[in-house]
Amino acid sequence: MAGISEIEAMKSTALAADQPTMHKTTGTRQAGGGRKRIEVKDETLLPDLLSLVDSTTRGDPQSPLRWTCKSLRNLADELKAKGHQVSHVVVGKLLKSQDYSLQTNAKVLEGNQSPDRNAQFEHINASVAAALQANQPVISVDTKKKELVGSYKNAGQEWLPSGEPVKVKVHDFIDKELGRANPYGVYDIGADAAWVSVGTDHDTSAFAVQTIRRWWFNMGKQRYPEATQLVITADGGGSNGHRVRLWKLELSRLAQETGLDIEVHHFPPGTSKWNKIEHRLFSFITMNWRGRPLISHEVIVNLIASTKTRGGLTVRAELDTAQYPKGLVISDAELATVKIERNEFHGDWNYCIRSG
């Protein structure tokens, strides 16, 4: 036993001699002990790496990565060319330590902005608030992205048995028999309810106003029996564009048919995403059918109509197979029949079409 004790004592002495940087009381490493980090041993490594990924160098034609993907391996290769001994794994760790992460492009740039952009927003807000206070209907309208009808890939995922994905076509060539679906939406801001017509022909102003007509006689009229006016907020282009003559002529016909004065407010150029229908209706429709091939118009109608939110959104949808020819020319005489009153502030964006 004495011999064993001596051997254990010798081992302890040798271990202590090999680890001079360890505390005798706690066994923890002292500050500064152990292998030094690579960015400490190579003082120019981190500055050179940050110069490669710095946003200010992206537009510099002399930057070595100006025309290539800034992957970890490409960054490591460039650093090696500068004399650094580093792997792509270490490059990734260094970037994370500097609060870098993989990011996609963000759609926030809206191009040239109208100098009256904010003033128009305030004007729309005041008009909408006044109408809602008076219990008058206020709707937000627009066309959702046109969709190919058929067994095509639809972005998103849904739960299915493992290894049993829905099979779709490899190429997105339009099916001449099925064509495209044109969903035009009417979102009732005060009721959190919507109507969507899924058109099979062209997305024209006649189709847009027909959708509003369907909403009014199937939903709006019952909810607003005492209404005297209808307030519409819309994008500035497309089938409900502020320069489109057919849009105004069709609205005039609707005003005479319903007895409602129709007050229209268009959003400034490049700001259509602020229209309520975009994030109160269309975004939820997209989430509801994500990952599902839109194999027929009926499927599209059913998926739209089944869209709901926890906040209480309800949606009605119908197929509209009517023909809406493009290229109709509205004469000056026809336009003159429209009883339109333009607002003093941007009368091109804000106007009222009288019913009588």
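# Helix packing and aromatic pairs

Helix H3 (residues 45–53) packs against helix H5 (residues 88–97) at an angle of about 80°, and their axes are 11 Å apart. H3 is therefore roughly perpendicular to H5, a term for angles of 65 to 115 degrees. The model is predicted: local features need pLDDT of at least 70, side-chain atom pairs count only at pLDDT 80 or more, and totals for chains, interfaces and linings use all residues. Residues are numbered from 1 along each chain as its sequence is written, and side-chain values use heavy atoms, with hydrogens and water left out.

- The contact (heavy atoms within 4.5 Å) is made by Leu 45, Leu 46, Leu 49 and Val 53 of H3 and by Val 91, Leu 94 and Leu 95 of H5.
- The axes are lines fitted to C-alpha atoms, for helices over the stretch in contact, and angles run from 0 to 180 degrees between N-to-C directions.
- Helices (H or I, at least four residues) and strands (E, at least two) are DSSP runs, numbered from the N terminus.
- Helix H8 (residues 245–258) has 14 residues and reaches 20 Å from its first C-alpha to its last, close to the 20 Å expected at 1.5 Å a residue; the expected span is 1.5 Å times one less than the number of residues.
- Among the buried residues of H8 are Leu 246, Trp 247, Leu 249 and Leu 251, where buried means under 20% relative accessible area, exposed over 50% and partly exposed in between (1.4 Å probe, protein chains only).
- Just after H8, Gly 259 has a positive phi of about 75°.

**Aromatic pairs**

- Rings of Phe, Tyr and Trp (its six-membered ring) pair if their centres lie within 6.5 Å; planes under 30 degrees apart count as stacked, over 60 as edge-to-face and the rest as tilted.
- The count by this rule is 5 aromatic pairs.
- Phe 121 and Trp 274 are edge-to-face, because their ring centres are 6.3 Å apart and their planes stand at 65°.
- Phe 121 lies in helix H6 (residues 117–133) and Trp 274 in the loop between strand E6 (261–266) and helix H9 (276–288), so this pair ties together parts that are 153 residues apart in sequence.
- Phe 121 is partly exposed, with a relative accessible area of 21%, and Trp 274 is partly exposed at 43%.
- Tyr 184 and Phe 207 also form an edge-to-face pair, 6.1 Å centre to centre with 70° between the planes.
- Tyr 184 is buried, with a relative accessible area of 0%, and Phe 207 is buried at 1%.

Technical notes. Parallel < 35°, antiparallel > 145°, perpendicular 65-115°, else oblique.
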